[in-house]
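Here are a few friendly notes to read beside the model. Please keep the 3D view open as you go through the points.

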Amino acid sequence: MTTATLPHPQTATHAGPPKLSPWELRAAQIETLDTPRLRYSLMARMLFKQMDLVYGRRRTLVKFTMLEFIARVPYQAWERVGYHSLSRHRTRSDLAKRIHDRIVETREEQDNEQWHLLILQDLVQREGHKQSFLLHRLAPWIVAFFYYHVSWLLFLVKPEWSYRLNADFEDHAEHEYMSFVAENPEFDRTPAPRTYAEEYGAYDTVGDLLRQIGHDERVHKLDSLVNLKAPRFQDAPDQ
């Protein structure tokens with residue numbers, strides 16, 4: 001009897017966005033702050049305005065947890081559409097493989113956003129910030145529910161609209177994180193907790209941890225902009 005050999009968990013897991021060194025993170029921050037933001041769509045501006053109205057214009061860790069709670073949902077919507085499309089096109093091997101690859105990419109980005117949420121929530125708890133049921137449980141769930149269905153419907157109608165909305169969201173997040181670190185130089189003197197270091201990566205300071213999250217958002221933005229060029233699975237060339 002042949003015994004199957006399972007891959008080591010670390011080799012079986014995709015790395016996700018690249019992990020940068022401290023000097024690379026500072027260079028990435030400078031680059032972000034020197035780069036103009038994208039010209040956001042009306043839908044994106046409405047979403048950002050809603051966040052400011054509910055949680056205030058000031059950047060805070062608590063506000064970033066709400067941002068990350070919402071950030072996962074476009075990837076969840078695309079994953080749902082991907083599995084449906086995979087079932088429909090399973091007899092076309094080349095297309096089915098492309099769809100599966102897109103699903104894998106979507107799941108990796110979703111998982112990366114999930115780590116961001118857990119890390120931010122850990123920082124919030126360590127600083128003793130209180131979070132109410134109404135503002136920090138119910139409200140983000142309602143916004144995420146709305147954003148999920150908008151992303152899903154846009155993808156069904158015109159996928160490039162859904163990718164563009166996500167690129168706007170990720171660009172906003174990238175700039176917000178990098179600006180937040182610039183506004184709080186004490187983060188570079190604050191040791192980063194190691195709660196999720198094994199899963200996400202170890203960083204010496206909270207400043208570098210937040211810079212890495214900001215750079216992750218840049219990678220997600222660029223991925224969405226790339227997918228704009230072939231928004232439908234059928235548009236991509238055969239492998």
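1. A salt bridge here is a side-chain nitrogen of Lys or Arg within 4 Å of a carboxyl oxygen of Asp or Glu. The side chains of Glu183 and Arg59 meet in one, at 2.2 Å from N to O. This pair links distant parts of the chain, with Glu183 in helix α8 and Arg59 in the loop between α3 and α4, 124 residues apart.

2. On provenance: the model is predicted, with local features needing pLDDT of at least 70 and side-chain atom pairs pLDDT 80 or more, while totals for chains, interfaces and linings use all residues. Residues are numbered from 1 along each chain as its sequence is written, and side-chain values use heavy atoms, leaving out hydrogens and water.

3. The protein chain has ten helices and zero strands (DSSP runs, H or I of at least four residues for helices, E of at least two for strands, numbered from the N terminus).

4. Arg37 and Glu176 also form a salt bridge, at 2.8 Å from N to O. Arg37 lies in the loop between α2 and α3 and Glu176 in helix α8, so the pair ties together parts 139 residues apart in sequence. Glu176 is buried at 9% relative accessible area, whereas Arg37 is partly exposed at 31% (buried is under 20%, exposed over 50%, partly exposed in between, with a 1.4 Å probe and protein chains only).

5. Helix α10 is mostly covered, with 18 of its 22 residues buried.

6. Finally, a network of salt bridges links Glu31, Asp171, Glu174, Arg218 and Lys221; the whole structure holds 18 salt bridges.
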